[in-house]
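Please look over the sequence and the fold that follow, and keep both at hand while reading.

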Amino acid sequence: AKNKLHELKNDYKNKNFDIKNYFNIDEWARLFALTDMLVTYHGTVPKSVKFYYNVNTGLFEPIIYDGHKSGSNYQNFIFLDFVNSINLDYDKCGFACTHAEWFKVFFNKNIHIEPTNICVFDCKFCAYSIKVSKKEDAWELSIDEMVDKLKAYENKDITEVHLVGGVHPKMGLHYFIELIKKIKNIRPSIHVKAFTAVELEYMCRKAKVSYKEGLQMLKDAGQDSLPGGGAEIFDTEIRNEICADKCNSETWLEIHGTAHNLGMPSNATILYGHIEKPIHIVDHLDRLRNLQDKTGGFNTFIPLKYRNGNNQMSHINEVGIIEDIRLYAFSRIYMDNFNHLKAYWPMIGRNTTQSLLAFGVDDIDGTIDDTTKIYSMAGAEEQNPAMSTEDIIKLIKGVGRTPIERDTVYNTIKEY
């Protein structure tokens with residue numbers, strides 16, 4: 001333990017500290033599984049997590065430190081006092097944030113446009129899509145209808161339009177190039193965040209172009225960035241169980257890496273709380289972390305909670321808030337090369353979102369204005385997701401944080 005402590009301190013002092021290097025994937029998965037060591041309540045929300053060396057297992061393990069090293073909870077552990085210097089503190093957004101930054105919580109003013117819920121794929125967890133052969137309750141928006149949705153916000157100061165929906169067999173690459181050009185024609189300054197890697201794989205395959213060629217064509221039309229959807233779980237066995245027919249993990253990562261190399265940033269996600277195990281979660285985070293080391297192109301990481309309403313996996317119970325907190329807190333520690341961690345409030349609910357601001361979250365997405373149906377159709381609490389700027393400011397200030405209105409790539413627009 002003393003040797004390990006000396007190594008850790010020297011690495012941090014020499015600016016070589018990388019927490020990932022001190023544990024292998026199996027050890028990280030074991031740490032993740034130890035709920036009571038990551039999330040413990042002592043009457044109030046715990047303030048910090050410390051690393052201890054377990055003399056029985058030979059592993060370093062995180063434990064909520066309440067100021068007392070004695071007692072049964074700690075009898076098998078040797079305290080490692082290096083933690084304070086690297087700011088491993090949930091109440092300060094994890095060690096990836098500096099002391100001066102931890103008060104800030106970001107949001108933007110955005111809308112979604114969802115072209116269709118018709119989809120050629122059949123993901124078992126999805127309550128949103130309609131198979132091509134079953135068009136009851138389906139919608140297909142024309143380009144003009146989508147442009148009209150944006151025109152309705154002509155006098156509102158939104159900064160982002162998010163295009164995402166089902167994978168429609170007749171809405172291809174050239175169709176969406178035309179849409180983006182029309183969007184930019186009527187609102188040149190708006191940021192167009194569009195199309196998951198799943199949508200892009202299908203578009204490029206149908207158009208018989210490479211991912212690089214397809215992305216360059218979309219960029220030339222005016223697309224600015226990619227959302228993070230479609231990642232789900234990268235493990236092949238789990239992915240084949242829940243979404244076997246859409247693009248595989250390697251393709252998802254390739255498309256995002258290609259976008260980054262073209263100067264198009266993106267987000268990253270994980271779908272958690274279904275049939276995955278801790279090892280699958282850590283493997284997923286590790287693959288994202290490795291790509292971020294190579295490209296630096298991810299803006300933020302967004303854990304997405306599985307919702308069990310109206311889908312083929314409805315027999316699986318949703319996880320509770322303790323599991324939510326554990327996933328977000330662990331992600332903030334492990335994903336130290338991601339600058340931001342987002343709680344997508346239409347998915348997880350505004351109350352849980354506010355709680356997660358104490359566990360590493362520094363972004364809550366945007367105003368939305370009831371323009372997305374993806375999670376409301378799956379049974380999320382937010383059945384008509386919309387918050388005004390005032391609502392968001394109140395939510396953030398309610399837990400002592402500073403609201404920062406941002407653009408899509410985290411340039412500050414206004415501090416409230």
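The paragraphs below begin with the chain as a whole and then turn to its parts.

This is a predicted model, in which local features need pLDDT of at least 70 and side-chain atom pairs count only at pLDDT 80 or more, while totals for chains, interfaces and linings use all residues. Residues are numbered from 1 along each chain as its sequence is written, and side-chain values use heavy atoms, with hydrogens and water left out.

The protein chain contains 15 helices and 14 strands, where helices (H or I, at least four residues) and strands (E, at least two) are DSSP runs numbered from the N terminus. Of its 416 residues, 58% are buried, a term that stands for under 20% relative accessible area, with exposed meaning over 50% and partly exposed lying in between (1.4 Å probe, protein chains only). The chain exposes about 17500 Å², of which carbon and sulfur atoms supply 47%; these accessible areas come from the Shrake-Rupley method with a 1.4 Å probe, and for residues only the protein chains shown count as cover. Among the contacts (heavy atoms within 4.5 Å) with a separation of 6 or more, 72% are between residues 24 or more positions apart.

Strand E4 (residues 104–108) pairs with strand E13 (residues 402–406) in the parallel sense over four bridges, with Val105 opposite Pro403 and Phe106 opposite Ile404. E4 is also joined to E12 by two bridges, again running parallel, and here the bridge partner of Asn108 is Gly366. Because four of the five residues of E4 are buried, this strand is largely enclosed by the rest of the structure.

Phi of Asp365 is near 75 degrees, a positive value in a residue other than glycine. Most residues other than glycine have a negative phi.

Helix H5 (residues 143–151) has Ile143, Met146, Val147 and Leu150 among its residues, and these four are buried. Seen down the helix axis, the buried residues of H5 fall within an arc of 100 degrees, so they line one face of the helix; the arc is that of the directions from the helix axis to the C-beta atoms. What covers them includes strand E5 (110–113) and helix H6 (173–186).

The largest nonpolar core has 95 residues, such a core being a set of buried Ala, Val, Leu, Ile, Met, Phe, Trp, Tyr and Cys residues joined through side-chain atoms within 4.5 Å. Phe195 is one of the residues with the most contacts inside this core, a group that also includes Leu163 and Trp252. Phe195 is found in the loop between strand E9 (191–194) and helix H7 (197–207), has a positive phi of about 70 degrees, and counts as buried because its relative accessibility is 0%. Leaving aside neighbours within four places in sequence, Phe195 is in contact with residues including Leu163, Phe176, Leu226 and Pro227.

Helix H10 (residues 249–261) holds His256, which counts as buried because its relative accessibility is 0%. With neighbours within four places in sequence left aside, the contacts of His256 include Leu226, Pro227, Asn267 and Phe298.

Notes:
Pairing = 2+ DSSP bridges.
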